[in-house]
2 protein chains.
Amino acid sequence: MASDFDAPGGDGYFTEANSAEVVTARNRNAADERLHTVIDAAVRHLHAFVKEVEPSNAEWRTAIDFLTATGHITNDWRQEWILLSDILGVSMLVDAIDNRKPRGATPTTVLGPFHVSDAPRYESGADICLDGKGEKLLVTGRVVDTEGRPIAGATLDVWQANDEGFYDVQQQGIQPDMNLRGVFTTDADGRFWFRSVKPRFYPIPADGPVGQLLRALGRHPYRPAHIHFIVAAPGFETVTTHLFAPDCRYLHTDAVFGVKAELIAEIATVDDAPRAAALGFPNPFLALDWTFVLARPGAGAAAAA
Amino acid sequence: MASDFDAPGGDGYFTEANSAEVVTARNRNAADERLHTVIDAAVRHLHAFVKEVEPSNAEWRTAIDFLTATGHITNDWRQEWILLSDILGVSMLVDAIDNRKPRGATPTTVLGPFHVSDAPRYESGADICLDGKGEKLLVTGRVVDTEGRPIAGATLDVWQANDEGFYDVQQQGIQPDMNLRGVFTTDADGRFWFRSVKPRFYPIPADGPVGQLLRALGRHPYRPAHIHFIVAAPGFETVTTHLFAPDCRYLHTDAVFGVKAELIAEIATVDDAPRAAALGFPNPFLALDWTFVLARPGAGAAAAA
């Protein structure tokens, strides 16, 4: 151990010009090659950033204070670091890199903090809105492969905010448990359907350092209205994604950059009294139809190569 | 306010290819131009880093967990963010950028966490070692301008670790208060001198996430033996710096990259019984002589331009 630490090594002393090279040379004994690669890249990009902006000592101290405040507000249920990653587009970039898909496959977007792992399993047609509040929405669709063939037995794990922009887990005692959540399974033709309500936009937590940063940047904290889906089937890559309402005022300025053009749904107004009556909906009602396209493992990487 | 947020802006939706451009475009309403510049640069470098290393979602989560742990160990007396900045060379890079000096002027290095603002003022010759422990060291020197002219009335705020590698503030009740600290003033010829002991190397706090990272990178946590100085005089740039012992085993591998070649002192062994007796030192004793060279404000920026 001591030999390398003690050696009057050939790295040279730190200067402004050679700063990144001196630091990365010091990391050459890293045990894990991947950690070594990642930290060296972090050092190079971090030093390039500092050399570009040339912070004053006071500005550096402001950055330290921001990190300190972000660390202190983070706890078991408030993850300010993920919010920071989100509003800087890093979460979506990692998601995009990790989930390259072949053309035509449904793209992914971020999971978000409101998924629960034990949502109830329902038969097709179930109404996931347990309190009857909100504007009725019929959701229908299919799950198919990239050749358009139906995938039977695919599961769709669905969750969404209510028409006031809150998830059940944010309003325990106000919304029923498991409100606006459920797991559905496709039939032999790859079809699924369920009843719900139109979701509303909502803010990410904006009362901490990330919210202060958003305000300083002239940005709002809102995510446009959406429904979350995790779509899975044996032999296919699982897709964690959202469908976005097309008419939301925040569709073009999602605070976390989660919107992809391929994930904006149409929401039709259906004027069909007998169908509304069969659904238990008032007439007219809203309807969203969507086809999820699942890729086979590795198909995205192959397409990108 | 609402108009820009609501506008179906021309930024386009986030994709892997345009990620940084979409995020920086979103920040265009930042009120403060400097903040806008810094955050946009941070976003560009951060996205370039992510695109280079292509982290998996699990690796991204590991980074979130590291930030969370670093935030949670930080408190009023433990600043893990500054330690992280230190071991990545960022603190020294900011210091270098902020303190460019003309050729020949004494360079700066990092302040560190152990300075106190109310150290005692001493007459030349005082012994700052209050407990008599350690190997006796005579420190002599001058403060001059970049033309070699003496600067009278310059102050030297001095502090150092003892021969076990601890500062007084780390060992309250063990070391006397204000042990190995003092403020001296140069005479008409720019000279100062004081008595002390040879400092020892010491580790930065290594029991937290930064220590774990150092170990994973095959790095030790030690800072080579040094004496801190803040040298100030009216009409000159204040210099916050260290002098390093030339024979320390960690001289070439300072955990925080604080060593500059121009700051390595010679420590002589002086065999002079009458002088030792006059100093109250055993014979032989150690001696360090140093000339601090102060620059006039703006001279470094002018030299760099």
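Welcome to this predicted model. Chain A has a mean pLDDT of 94, and 95% of its residues reach 70 or more. The exception to look at is the stretch of residues 1–10 of chain A, where the pLDDT is below 50. Beyond near neighbours in sequence, this stretch has seven contacts in the model. For the complex, the predictor reports an ipTM of 0.93 and a pTM of 0.93.

Let us turn to the place where the chains meet. Chain A brings 67 residues to the contact, and chain B brings 68 residues. On the side of chain B that touches chain A, at least two residues come from each of these helices: α1 (2–6), α2 (19–26), α3, α4, α5 (80–87) and α6 (90–98). Of these, α3(B) gives the most, with 15 residues.

Next, follow the backbone to a peptide bond in chain A. Asn283(A) and Pro284(A) are joined by a cis peptide bond, with omega near 0°. To find Pro284(A), look in the loop of chain A between α8 (273–279) and β10 (285–294). Chain B also has a cis peptide bond, from Asn283(B) to Pro284(B), and its omega is about -5°. Pro284(B) sits in the loop between α8 (273–279) and β10 (285–294) of chain B.

Two residues of chain B are worth a stop for their backbone angles. Glu54(B) is not a glycine, yet its phi is positive, near 45°. You will find Glu54(B) in the loop of chain B that runs between α3 (33–53) and α4 (57–73). Is Glu54(B) buried or exposed? Glu54(B) counts as exposed because it has 12 C-beta neighbours inside 10 Å, and a residue with 12 or fewer falls in that class.

The other stop is Leu180(B), which is not a glycine either and has a positive phi of about 65°. Leu180(B) lies in the loop between β2 (155–160) and β3 (181–185) of chain B. How many C-beta neighbours does Leu180(B) have inside 10 Å? There are 29, so Leu180(B) counts as buried, the cut-off for that class being 20 or more.

Technical notes
Residues numbered from 1 in each chain as written. Chains lettered and ligands numbered in written order. Predicted model: local features only at pLDDT ≥ 70, side-chain atom pairs only at ≥ 80, totals over all residues. pLDDT = per-residue confidence, 0-100. Contact = placed C-beta atoms within 7 Å. Helix = DSSP H or I, 4+ residues; strand = E, 2+ residues; numbered from the N terminus.
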